[in-house]
Amino acid sequence: MARVLTPRAEDFPRWYQDLIAKAQLADNGPVRGTMVIRPVGYAIWEHMQADMDRRIKDAGAQNAYFPLFIPESYLRREAEHVEGFSPELAVVTHAGGKQLAEPLVVRPTSETVIGEFMAKWVDSYRDLPLLLNQWANIVRWELRPRTFLRTTEFLWQEGHTAHATEEDARRYAREIHKHVYEEFMVNMLAMPVVPGRKTKGERFAGATNTMTVEAMMGDTKALQMGTSHELGQNFAKAFDITYSSAASKVEHAWTTSWGTSTRMMGGLIMVHGDDNGLRLPPRIAPIQAQVMVVKAGEGVLEAATRLADELKAAGVRVKLDVRADIPFGRRAVDAELQGIPVRIEVGPRDLAAGNAVVARRVDGTKSPVALVEVVAHVTAALRTDQQRMYDDALAFREANTVEVKTLGDAIEAAQTGWARVPWSAVGTEGEAEANGKAVTVRCLFREDGTMPDSDDEQDLVAILARSY
């Protein structure tokens, strides 16, 4: 194939931007840091959104929608929260040709406005737990924007819940973290993630605990793919979210929040993409198989249409490409750039031999397959390639992760990969030293990989890495 992208090994950031442009995933918006998600990219996001939404609803949450504009006074009620977001806020001071009596913040996240309404809606312990989610856009003024990864405006889901007890809030935050986020990343995005607890320095502003899922990108940097936060009673006290208990005692609720965003698109690109473009895990691909007429000829269109229909009947998401007036090579390059998992190529010579050519995006192989076996071959390939993509990404992460014993060795190892190091060898002072060298503590976990209940547990392990 003719070279259309900057090779990853030559310039990874340029490759990333080239891929987004050439695969027609997104374009830069008219305001610095904004993006236009093109139909090809948005179709992928819709599939992510649909599966994530199903998982969230299975966890008991209901979708709602809250305003884009938040009174500035709301944010100031929780001091740590407003301090954490202050540098990123976009504030509206004029509207309708007049100065506003109170400035309005364009939502950077919705804990405060949702907290206001939780206080209104919760009266009794019978109203709890209150489990809400919204799909929305968010504005955070980014100094160094990068498409999908850090943009001034982005799309996301944000869940917000209120509970009668700390135990129930903690259980629910962990359920979302593991059974929604981690399982989605692994099973749908074919992305191995490391689940863990954020350090106090990396914790969400106003939270008592932040849990994360971290993934290694193709350049060995880390990307935070999703977070789930225990907020304790901080927001409940700030917004007077109280309930009458079964003993008729007024209590403050315990709240959580959790979110994932279009940053997942950036992670998908950087984990699975190669020098020929995007590679999509079949389960998340809007088009799983593209049936292509290579060249017009007697019976070719009919055979291609029949194959497309048979694949669709077998549950495969199919696109039929009959544009024989466009050079086949150009169409094949576009399909590779956009990461379509399987191509089925049908031309006069193939048809004469009773075959179609099946090309698999994951490994680049092409093989003739008898027409009567195409459906079985393709469905098997989609299953196999989903698992192979996960296995390849996991092997890459393990090959680029080293076990070390000291902070110095961890910082050195993090220049080219990930370092696993005892948290006791780092600590808060060591974390500050690492941050000064552009290395962060991505998360903490127990030696057996399970989630710690606090930063102070003995024998915790830390992951140190450069990150996006």
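This is a predicted model: local features need pLDDT of at least 70, side-chain atom pairs count only at pLDDT 80 or more; totals for chains, interfaces and linings use all residues.

Colleague: Which residue forms a salt bridge with Glu 214?

Modeller: Lys 198, with the closest N and O atoms 2.9 Å apart. Glu 214 lies in strand E10 (residues 209-216) and Lys 198 in the loop between strand E9 (194-197) and E10, so the pair ties together parts 16 residues apart in sequence. Strands (E, at least two residues) and helices (H or I, at least four) are DSSP runs, numbered from the N terminus.

Colleague: Is Glu 214 buried or exposed?

Modeller: Buried, at 1% relative accessibility. Lys 198 is buried too, at 1%. Buried means under 20% relative accessible area, exposed over 50%, partly exposed in between (1.4 Å probe, protein chains only).

Colleague: And what about Arg 446 and Glu 457?

Modeller: Their side chains meet in a salt bridge at 2.8 Å, N to O. Arg 446 is partly exposed at 25%. Glu 457 is partly exposed at 23%. There is also a network: salt bridges that share partners join Asp 51, Arg 54, Arg 55 and Asp 58.

Colleague: New topic. What is the strand order in the open sheet of 3 strands?

Modeller: E4-E6-E5, with antiparallel pairing. Strands E4 (69-71) and E5 (90-95) are the edges, each pairing on one side only. Two strands pair if DSSP finds at least two bridges between them.

Colleague: How many bridges join E4 and E6?

Modeller: E4 and E6 (residues 98-106) pair over 3 bridges. Phe 69 stands opposite Val 106 in E6.

Colleague: Last one. Which residues form the nonpolar patch on the surface?

Modeller: Leu 301, Leu 320 and Val 322, with about 220 Å² of accessible area together. Leu 301 sits in helix H9 (residues 300-313). Leu 301 is partly exposed, at 43% relative accessibility. Patch residues have over 30% relative accessible area and no salt bridge, and nonpolar side chains (Val, Leu, Ile, Met, Phe, Trp, Tyr) are joined within 5 Å, like charges within 9 Å. Areas come from the Shrake-Rupley method with a 1.4 Å probe; for residues, only the protein chains shown count as cover.

Methods
Residues are numbered from 1 along each chain as its sequence is written. Side-chain values use heavy atoms; hydrogens and water are left out. A salt bridge is a side-chain nitrogen of Lys or Arg within 4 Å of a carboxyl oxygen of Asp or Glu.
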